[in-house]
Amino acid sequence: MIFGACAAALVKIAFFSRVSERFGFSHTARIAQGVLLDVQLPEGITPVAARVMDPAFSQIHRERLLEGRWFLDSDVEAMAPPVVITEPLWERLGRVPLTQHPTVKLSGPAGGTYQVVGITPRQGFGDEERRVDLLYDAYRARVDALPADAWTQYEIWMGTGQVDQIAPVLAMDLRAGLPEGQTVAPTGRRNRELWTLRPRSRWSPGVSQR
């Protein structure tokens, strides 16, 4: 299930945590997109797209890696925070083997040296996307807030057999914690049920069965 929100929304993480604890979800993750990082490349400082996530994101999505590993809970305490980068970005940085502990240097508010621990493969012919994936807590420890154009999505791992029982109750809990004027309405998406908030403001969270 997915619960997404625009970065401008006043959604308290504590509220999401309380709901997750109530239902005993085994895996929950935040992922922020719409973030740009200033990466030091051979040609100079270059803006590169980023995803900012919790370690459980990889367990929920099971995205395949070309090399290395995804994030661990223990990575949050690392002196040099880990990053996972795309294959095209890895090539631009010299395709240094992970056994040699390559790093990425960032400038700007999130500036610092980050250790590359994983490489995501190209998604097909012509895929030249340069992207950095980094830990949500490591990023937020360095910046005061997400960029105005970024948005955060809250994801929950749930067995398909639980959805019919839990989704209506979960939707009620979400409605109870929303600002005035927000609503939750179910809409269909192929074989999945999508619970989408239709806000009057800029906030549009939702929940969907995986």
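pLDDT is the predictor's confidence in each residue, from 0 to 100. This is a predicted model, in which local features need pLDDT of at least 70, side-chain atom pairs count only at pLDDT 80 or more, and totals for chains, interfaces and linings use all residues. Residues are numbered from 1 along each chain as its sequence is written, and side-chain values use heavy atoms, with hydrogens and water left out.

**Confidence**

The protein averages a pLDDT of 77, and 65% of the residues score at least 70. The table gives their contacts (heavy atoms within 4.5 Å).

| Residues with pLDDT under 50 | Contacts beyond four places in sequence |
|---|---|
| 2–12 | 43 contacts |
| 185–210 | 82 contacts |

**Overall build**

Of the 210 residues, 47% are buried, meaning under 20% relative accessible area with a 1.4 Å probe, protein chains only. Among contacts with a separation of 6 or more, 66% join residues 24 or more positions apart. The accessible surface (Shrake-Rupley method, 1.4 Å probe) is about 11100 Å². Carbon and sulfur atoms hold 50% of that surface.

**Glu128**

Glu128 sits in the loop between strand S7 (112–120) and strand S8 (131–135). Leaving out residues up to four places away in sequence, Glu128 touches Pro88 and Arg122. The Glu128 side chain makes a polar contact with the Arg122 side chain at 3.2 Å. Such a contact is a pair of N or O atoms within 3.5 Å; within protein, one must be able to donate a hydrogen and the other to accept it, and residues adjacent in sequence count only if both atoms are side-chain atoms. Leu89 is 39 residues from Glu128 in sequence, and their C-alpha atoms are 8.1 Å apart.

How values were computed
Buried means under 20% relative accessible area, exposed over 50%, partly exposed in between (1.4 Å probe, protein chains only). Helices (H or I, at least four residues) and strands (E, at least two) are DSSP runs, numbered from the N terminus.
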